[in-house]
Amino acid sequence: MKKILSYVAGAAIGLSLSVGTAKADCGEVSIGAMGWASGESISSLAKFVLEVGYGCKVKLVPTDTVPAVTSLAENGQPDIVPEVWKNSAPVYSELEAAGKVITASSVFANGEEGWWIPTSLADKHPELKTIKGILANPKKVGSMFHNCPVGWGCRVVNDNLKVLYDFEKNGIKVFDHGSGANLGASIAAAFEANEPWFGYYWGPTAVLGKYKMTKVDIGSINAKQHAINQKKDADPSKLGASGFPSAPVLNAITADLAKREPEVAAFIGKMSFPNDVLSSLLAWKEEKKASADEAAAWVLTNHKDMVLSWVSADAKAKLEKNL
């Protein structure tokens, strides 16, 4: 990353980063960049720190929860996967127990998942606060459920729950979004047009920070039942009602990276964002329509001390010369 831009208070600030002369203190490192705003931004920030501070040759690998964890299981790659939503990847615990992956840190405090409707709609029609009420009144939520993209762990759960709740019979069509950006945009469009919306979303995100949404009660949280609902080929007779448990959100590294590049592993072990910082980042990114690199620059500009507290003394010295 030779140059990244930060737009702070409406002004463009160029941060020139002399990475071309950095000594290759470490070798090649791959980072799985999750396909949503926070995942892409965190991966871009980690790439910059590793290239400038540690002299690594970093490759970003676009991915999502299920393919990333599958790749870790089958190929031992990528070396680093920021923002793994553990509840959406049942096999992760097995990989951890087998010593193939290591939970380096929590990327932020526990995340929140669920099915939502606009709060204004919930206030007008309180019966829609439960899945039972929605199934009895599908037209009041637009007769549609907004689903996750393919590759997201929530897609498997939602696809099972739509069978359990028999959406088709109850007059609810399922719209499968192609990306997290499109899913978020559908909420924005519904609010702008003052139309109903019903579907999956998660937090902390700029979307839930900007738009007032109410979580739908789809059942008491039952960890055992949720684990069954997470299985792609689950027996329909064993599916059952359960809300989404509070989600641990992790920075994962491979055991090989921990052995090969201990300083890199130590950095990832400290890379953790306060929820309010991440929410501010995401709100700024959305407002400015900023790229992942620009979001990384925003963090470096506004929370430089936080980032420097994550790195080794040598890496800190190198980074300070470029910030």
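**Entry 1**

The model I am reading is a predicted one. I then checked Asn147, which stands opposite Asp176 in S9. Strand S8 covers residues 144-147 and strand S9 covers residues 173-176. I noted that the two strands pair in the parallel sense, over 4 bridges.

Next I asked what S8 and S9 make together with helix H6. With H6 (residues 153-164), they make a right-handed β-α-β unit.

**Entry 2: helix H1 and its partners**

I took H1 (residues 37-54) and looked at how it packs with helix H15 (residues 313-320). The angle is about 100 degrees and the axes are 8 Å apart. The range of 65 to 115 degrees counts as roughly perpendicular, so H1 is roughly perpendicular to H15. On the H1 side I listed Phe48, Val49, Val52, Gly53 and Tyr54 as making the contact. On the H15 side the contact is made by Ala315, Lys318 and Leu319. By class, I have 6 nonpolar, 1 polar and 1 charged residues for the contact of H1 with H15.

I then turned to helix H11 (residues 262-270), which also packs with H1. Here the angle is about 140 degrees, with the axes 12 Å apart. I put H1 down as oblique to H11 because of that angle. The crossing in which H1 passes H11 is right-handed. In H1, the residues I found at the contact are Ala46, Val49, Leu50 and Tyr54. They meet Glu263, Val264 and Phe267 in H11. By class, the contact of H1 with H11 has 6 nonpolar residues, no polar ones and 1 charged.

I also noted that Val49 and Tyr54 of H1 are listed in the contact with H15 and in the contact with H11.

**Entry 3: helices H12 and H13**

At what angle do H12 and H13 pack? I read about 135 degrees for H12 (residues 275-288) and H13 (residues 292-302), with their axes 10 Å apart. The two helices are therefore oblique to each other. Their crossing is right-handed.

From H12, the contact is made by Val277, Ser280, Leu281, Trp284 and Lys285. From H13, I wrote down Ala292, Glu294, Ala295, Trp298 and Val299. Sorted by class, the contact of H12 with H13 has 7 nonpolar, 1 polar and 2 charged residues.

**Entry 4: backbone checks**

Before going through the backbone I reminded myself that most residues other than glycine have a negative phi, and most peptide bonds are trans.

Pro78 lies in the loop between helix H2 (65-75) and strand S5 (80-85).

I found another cis bond from Gly203 to Pro204. Its omega is near 10 degrees. I located Pro204 in the loop between strand S10 (199-203) and helix H8 (206-210).

The last item was Glu83, whose phi is positive at about 65 degrees although Glu83 is not a glycine. I placed Glu83 in strand S5. S5 is also the strand that ends the loop holding Pro78.

Definitions and conventions:
Residues numbered from 1 in each chain as written. Predicted model: local features only at pLDDT ≥ 70, side-chain atom pairs only at ≥ 80, totals over all residues. Heavy atoms only, no water. Pairing = 2+ DSSP bridges. Right-handed = clockwise from strand over helix to strand, strands pointing away. Axes fitted to C-alpha atoms, helices over the stretch in contact; angles between N-to-C directions. Parallel < 35°, antiparallel > 145°, perpendicular 65-115°, else oblique. Left-handed = near helix turned anticlockwise from the far one by under 90°. Contact = heavy atoms within 4.5 Å. Nonpolar A, V, L, I, M, F, W, Y, C, P; charged D, E, K, R; others polar.
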